[in-house]
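Below are my notes on the model, arranged as numbered points. Please read them alongside the sequence and the coordinates.

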Amino acid sequence: MKPTWRAGVTAIAVALLTAATTTAPAAAPATGSRTVTYHGYQLDVPDGWRVVDLAATPSACVRFDTETVYLGHQSQEPDCPSKLLGRTAGLVIQPLGELGPEQVPDGVVTARPGTAVPPPGTPSHEGAIHVAVPDAGVLVTAGHTDVTESTVRTALAGARLAPGGAHADLPARPSKAAAAAPIVTPGSFQGKGFETCAAPSQSTMDAWRSSPYRAVGIYSSGDLRACAQPNLTAAWVANQAARGWRFILTDVGRQAPCTGYRLKMSTDPSTARQQGKDAAASAIAANTALGFGPGSVIYSDIEGYSSTAACKASVLSYVSGWTEALHAKGWLSGVYTSAGSGIKDLASAYTNTAYTRTDHIWFAWWNDKADVDTGSYAPSTYWASHQRIHQYAGEVAETWGGVRISGIDRDYLDVGRTTRPCDTVSLDFTAYPKTVQGATGNLVKAAQCLLTPAGKPSGTFDESTVSATKAFQQSHGLTVTGEIEAHTWTALLSTGDTPTLRQGSSGAAVNRLQRALTAASGTTLAIDGTFGPNTEKAVRAYQTAHGLGVDGVVGQATWGALQAGR
C-alpha cells in the first residue's frame, strides 16, 4: 500500500477510520504532531520528524541521528557514510511478509490481536524497541536514547490499525543449532580491513571477497551508534566467519567530556572509571549475543578531542575501567581514537600505574599509509607485540565484485592473540600475610597482577608497587600505607562483579569470594570455585563478625563489605 502522511486529522477522517476498522476510534493527534499511515498501521509522531519512503528513495540510509520515520525495507546497498556517531530517535516500519527468519531481531514482541500497540513492559534491546503487528503485517523498530525513549514509547502506545493492512505473522526464528564455539577475533592477522556504518548485506560481503580486505569493522554495541543494523545478527557473523572474515568489534559509547557529543564521560575520574566498566559489561553482553567470546578484543570508539588535563584524566580513567571490566571476564580491551589526541594521551600514561593500560590501540591517522607506524604520536616500543590497527584513510567509495559501497574507512591490522603476563600467575594461597616493600616471590606477583592486570609482575615489591598500592588504597577508602595487609588483600581479592552466590554456586566469582574470605578471616579456605558447606560456614562467620544479615548468601551487602576491605 502506498504510504501516506499528513499534518492533522479532521473529525471526518477520524469518523471514516472508525467506520472502517474494528479498533477503538483514535483521538486526533496533539498539536505539533503528524500522523503516519503505512500498510494498515498508523501512529502520531512529532511534527518536525521527516518521513522517508524507502521504496521511492532506495539509496537512503536508515539512521537514527535525525528524527525520521522510514517506510519499507532498506536496500541491500544503502548510501551510508563509513561512520555515524550520535543517536536521537527514529522509526522503521517494514512489511512482515518480506522479512526472512534470519532477519527477526532480538527482543521483538508481538502486539495483541486486534491492536497495534506493544504489550505493557515491552523491553528495549540495544537502544531499540521492536514490535511486530500481525494485523497490519508490519514490523516496527523504534530507535532511541535514554532521553528520547519516552517520546518513541508514547508514539508506539498511540498506534492503531487503519484500512489497507494485510495480515502477516512474524516469521519463526531458525531453531538454534548446537552452540558453536565462540568466535575469538581478530585473532592473529596482518593485512587490510574496512569499516562501514551498517554491516553490509551477505551479497555484498560475498562480492567483496575479491577485494584486498579480509577484516570487517562492525559497530556491535554502544549508545551512540547512529546507523540501523538490520544485517547484524549472530547468523550474519557466523556466515562471515565461515568465509574467513576477521572482525573489528567497536563500541560507540561515551565520548571525552571536552567534546560536544550528547553522551560524555564524567569529569570526575572515579565516576568515569565506573562508566567505563558499565560500558564494558554492556559490550560483552552484546558481542556474546552475536557469537563472540572471551579472548576477543573490543575497541572503545573515543573520537578526537582537544585535550586538557581534566579531559585527559577522564579519558584515561574511563579506559581503565573499560579495560578492567573486560579483563575480569577474559576479554581484551582496545581503544579506537585519533592519533593526535587519544593516542598521545594513552601513550603518555603507558607506564603510569594509576591507570590500567589497554591491550590494543587502533589509531586514526589518514596519511594513506597502510602500516602501523604511529610516528611521533606514540613510541614504537609501545603496543609493539601485534597490538595495533591503523585507520589510514576514511570516507572513500570502493567497488569490488561489481558492488559499490559509498563510504568506507580503510584499515591496516597487525594484531595477534595477546597473552598477558598475569594470565599465568596464580592468585590462590593458603594465607595472605602482610606484604611490604622489599618482599619477593609469588605472593608479590599476585599482588602486582591484582593492582595492574595488564602489567608485567616482577615479583619484587618495589617503588612502583608501593605507588600502585597507595593509589588502590586511596580509591577504596583504606588507610594509605603502601603496605598490603589483611584489609587491602581482602579488597584486592574481591574486586570484580558482584553476583549473588549461595550454596551450589560455582565459577570464578566463587574463587574470588574464597580468596577474600581467606584474607579477611586469616583462616584457610579451599579455593576450588565451588560454594559448598565450608564456604557457607565461612560466609556466615564473616557476616556475623561484621554485623551483616547472617544468611550464608553473598549478596550486595556482603560483597560491599569485602570490597571495602572489612
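**Notes on the predicted model**

1. Ile-361 stands opposite Arg-388 in S17, and the two strands concerned, S16 (residues 360-364) and S17 (residues 387-400), pair in the parallel sense over four bridges. Strands here are DSSP E runs of at least two residues and helices are H or I runs of at least four, both numbered from the N terminus, and two strands pair if DSSP finds at least two bridges between them. The model is a predicted one, in which local features need pLDDT of at least 70 and side-chain atom pairs count only at pLDDT 80 or more, while totals for chains, interfaces and linings use all residues. Residues are numbered from 1 along each chain as its sequence is written, and side-chain values use heavy atoms, with hydrogens and water left out.

2. In the loop between S16 and S17 lies His-386, a residue other than glycine with a positive phi near 55 degrees. At 39% relative accessibility His-386 counts as partly exposed, where buried means under 20% relative accessible area, exposed over 50% and partly exposed in between, for a 1.4 Å probe and protein chains only. His-39, in the loop between strand S2 (33-38) and strand S3 (41-46), also has a positive phi, near 50 degrees, but His-39 is buried, with a relative accessible area of 18%.

3. S16 and S17 belong to a barrel that eight strands close in the order S11-S12-S13-S14-S15-S16-S17-S18, with mixed pairing. Neighbouring strands of this sheet are turned by 35 degrees against each other on average, direction ignored. Helix H6 (residues 309-328) lies across strands S13 (246-251), S14 (297-302) and S15 (332-338), and runs at about 160 degrees to S14; the axes behind such angles are lines fitted to C-alpha atoms, for helices over the stretch in contact, and the angles run from 0 to 180 degrees between N-to-C directions.

4. Ser-201 sits in the loop between strand S11 (189-195) and helix H3 (202-207), and with a relative accessibility of 1% it counts as buried. Its side chain makes a polar contact of 3.0 Å with that of Thr-204; the term covers a pair of N or O atoms within 3.5 Å, where within protein one must be able to donate a hydrogen and the other to accept it, and residues adjacent in sequence count only if both atoms are side-chain atoms. Leaving aside residues up to four places away in sequence, Ser-201 touches Gln-76, Glu-77, Asn-231 and Trp-236, contact meaning heavy atoms within 4.5 Å.

5. The structure holds 14 aromatic pairs. In one of them the rings of Phe-247 and Phe-292 have their centres 5.2 Å apart and their planes at 75 degrees, so the pair is edge-to-face. This pair links distant parts of the chain, since Phe-247 is in strand S13 and Phe-292 in the loop between helix H5 (269-289) and S14, 45 residues apart. Phe-247 is buried at 1% relative accessible area, and Phe-292 is buried at 2%. Rings of Phe, Tyr and Trp (its six-membered ring) pair if their centres lie within 6.5 Å, with planes under 30 degrees apart counting as stacked, over 60 as edge-to-face and the rest as tilted. Ring pairs also link Phe-194, Trp-208, Tyr-213 and Trp-245 into a cluster.

6. An open sheet of six strands has the order S4-S5-S6-S9-S8-S7, with mixed pairing. Strands S4 (50-53) and S7 (109-110) stand at the edges, each with a single partner strand, so one side of each is left without a neighbour in the sheet. S4 pairs with strand S5 (residues 68-71) in the parallel sense over four bridges, and the bridge partner of Val-52 in S5 is Tyr-70. Helix H2 (residues 149-157) packs on the sheet, touching strands S6 (89-95), S8 (128-133) and S9 (138-144).

7. Helix H10 (residues 486-494) is mostly covered, as seven of its nine residues are buried. The buried residues of H10 pack against helices H8 (442-451), H9 (463-475), H11 (508-521) and H13 (556-563). At the start of H10 a side-chain oxygen of Glu-485 reaches to within 2.9 Å of the backbone nitrogen of His-487, and H10 is followed by Gly-496, whose phi is positive, near 140 degrees.

8. A cis peptide bond, with omega about 0 degrees, joins Thr-185 and Pro-186, and Pro-186 is placed in the loop between strand S10 (160-161) and S11.
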